[in-house]
Amino acid sequence: MILAIDQGTTGTTCFVYDSDFEPIGRAYREFRQHFPRPGWVEHDLGELWSVTHAVAGEALADAGVRPGELQAVGIANQRETVCVWDPSTGEPLHRAIVWQDRRTAPLCEQLRAKGHEPLIRARTGLVLDPYFSATKIRWLLDHVPGLRERARDGRAAFGTIDSWLIFKLTGRHLTDASNASRTLLYDICTGLWGQELLALFDIPVRALPEVRPSAGVFAQTLPDALHGHAVPLAGVAGDQQAALFGQACIDPGLGKNTYGTGSFVLLNTGFSPPPPAPGLLSTVAWRIGSSTTYALEASIFATGAAVQWLRDGLAIIEHASDTEALAASLQSNDGVYFVPALTGLGSPHWDPHARGTIAGLTRGTTRAHLARATLEAIAYQTRDAVRAMESASGQIFAELRVDGGASANAWLMQFQADILGIPVVLGATSEATALGAAHLAGVGAGLCTISDVASSWHERCRYEPCMSTDERLALLDGWADALARARSR
């Protein structure tokens, strides 16, 4: 049996999987989001750990797992979020700065104006954006009294969320290659923290974790940290890379989209880093042994977050699932488009100054139009990302494997297939992130092989495109016009 910890942006889910990778135990809890200033997003590390610890115990209890029966643990985590703590006491030295946080936009602009982005792009495959970790670490070093001295003396440990959980579970300061590749500090070609990058951001390497393969034994869990279980922590990956593995996109040319707070399209590109492409990210998918698999990624910032805004900001729906019936109640969008640039635009546009825009409103516009426009926007943004990836890689998606919360929305999945013009395929589980963490832990602990992972994937549902080409092109023209209105340039 394997425990998979899926630590997300708003909550933690834990699953226990049996030898057939079927879930036999589950638990979930949310934790608080902190917004100290507009554009700032933080998590309390103590609360995040206490929630994760509790949920792991609840999942183990739900599965009836006793000490001695658990065989491995895997972690998938929200990426780019930065943590800092005292390695001697384990006490957090500041709240975590979350991936959504935009406070370092001025620093990014300064570095870009000085011509540093080409170096960053070539070494890391990423763009210079507040989304990633390095500028968050730099902000903490510059603004928390005494922290720079502590970091240089080995009295402060920085890491992404996986590192914090690994430390709490095992007492070790470690990360994996997929999470390291999201920091702006890791050279994806050499597989090492980049000296030029560390110097550019003025971050001491002593404060960063040791980078390990994504599958392999990191350390044994401390019994007190895992409800009496001392087992190998054997798999770690950022949530989107874990979902790619969980969707069994093991071979080059296979890709997936995970619909969550944002949406993330990843395409397996094989064992060589893909050249940086406009609007896309090159990233480590996973490292197993000495072999690194790479991916192209498109990061879309607001998809599920846009539906949440309808619910919490406008209060025009009670539940996210309400959007399906509302969208289906209309024969067309009647020219209403919503560009959900609520925190700027991600791939393939990378426009942090874009703003959310609703176009085509009339006196006849209803909440159903806004719900439909929001779901359509999710599909349009995914289509833009897929086309950019195809152009960059020369590989054409034969199908798009999907997971995440919105994959349960049948109207959206059909519209996604229609606007892409290719099948959209759901696997046997929508919880591909947790499954990927379990699969990595299984491979890392020697409980299964990569071939077992590939052969275990099964299709649950397939949506075939049925929209005419003329209708598709007309809708895309309307989207392009609305997108131009939202852009800052």
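1. Let's start on the surface. Ala315 has a relative accessible area of 59%, so this residue counts as exposed, the cut-off being over 50%. Keep in mind that this is a predicted model. You'll find Ala315 in the loop between H10 and helix H11 (322-328). Its backbone is worth a look too: phi is positive, about 55 degrees, although Ala315 is not a glycine.

2. Now compare that with Phe21. This residue sits in the loop between strand S2 (11-17) and strand S3 (23-30). Phi of Phe21 is also a positive value in a residue other than glycine, near 60 degrees. Is Phe21 buried or exposed? At 15% relative accessibility, Phe21 counts as buried, because the limit for that label is under 20%.

3. On to a pair of helices. Two packed helices are described by the angle between their axes and the distance between the axes. For helix H9 (residues 239-246) and helix H14 (residues 432-444), the axes come within 7 Å and cross at roughly 75 degrees. That angle makes H9 roughly perpendicular to H14, since 65 to 115 degrees is the range for that word. Which residues make the contact? From H9 they are Asp239, Ala242, Ala243, Phe245 and Gly246. H14 brings Ala432, Thr433, Leu435, Gly436, Ala437, His439, Leu440 and Val443. Sort the residues of this contact by type and you get eight nonpolar, four polar and one charged.

4. Stay with H9 for a moment. After H9 comes Ala248, with a positive phi near 60 degrees.

5. H6 is another helix to check for cover. Spanning residues 161-170, H6 is mostly covered, with nine of its ten residues buried. Those buried residues are Ile161, Asp162, Ser163, Trp164, Leu165, Ile166, Phe167, Leu169 and Thr170. H6 is followed by Gly171, where phi is positive, near 85 degrees.

6. Helix H13 (residues 410-420) and helix H16 (residues 469-486) have axes that come within 9 Å and cross at roughly 95 degrees. H13 is therefore roughly perpendicular to H16. The contact uses Phe415, Asp418 and Ile419 of H13, plus Arg472, Leu475 and Leu476 of H16. By type, the residues in this contact are four nonpolar, no polar and two charged.

7. Time for the rings. The count comes to 18 aromatic pairs. One of them is Phe301 with Trp350: the pair is edge-to-face, 5.4 Å centre to centre, with 75 degrees between the planes. Phe301 lies in the loop between strand S18 (291-300) and helix H10 (304-313), while Trp350 lies in the loop between strand S19 (337-339) and strand S20 (357-359), so this pair ties together parts that are 49 residues apart in sequence. Both Phe301 and Trp350 are buried. They also belong to a cluster linked by ring pairs, together with Trp99, Tyr131, Phe132 and Phe264.

8. That loop between S19 and S20 has something else to show you. Pro348 is also placed there. A cis peptide bond joins Ser347 and Pro348, and omega is about -5 degrees.

9. Finish inside, with Leu296 in strand S18. Leu296 is buried because its relative accessible area is 1%, under the 20% limit. What does Leu296 touch, leaving out residues up to four places away in sequence? Its neighbours are Val265, Leu266, Leu267, Thr269, Pro274, Leu280, Leu281, Ser282, Met389, Ala392 and Ser393.

Notes:
Residues are numbered from 1 along each chain as its sequence is written. This is a predicted model: local features need pLDDT of at least 70, side-chain atom pairs count only at pLDDT 80 or more; totals for chains, interfaces and linings use all residues. Side-chain values use heavy atoms; hydrogens and water are left out. Axes are lines fitted to C-alpha atoms, for helices over the stretch in contact, and angles run from 0 to 180 degrees between N-to-C directions. Helices (H or I, at least four residues) and strands (E, at least two) are DSSP runs, numbered from the N terminus. Angles under 35 degrees count as roughly parallel, over 145 as roughly antiparallel, 65 to 115 as roughly perpendicular and the rest as oblique. Contact means heavy atoms within 4.5 Å. Ala, Val, Leu, Ile, Met, Phe, Trp, Tyr, Cys and Pro count as nonpolar, Asp, Glu, Lys and Arg as charged, and the others, Gly among them, as polar. Rings of Phe, Tyr and Trp (its six-membered ring) pair if their centres lie within 6.5 Å; planes under 30 degrees apart count as stacked, over 60 as edge-to-face and the rest as tilted. Buried means under 20% relative accessible area, exposed over 50%, partly exposed in between (1.4 Å probe, protein chains only).
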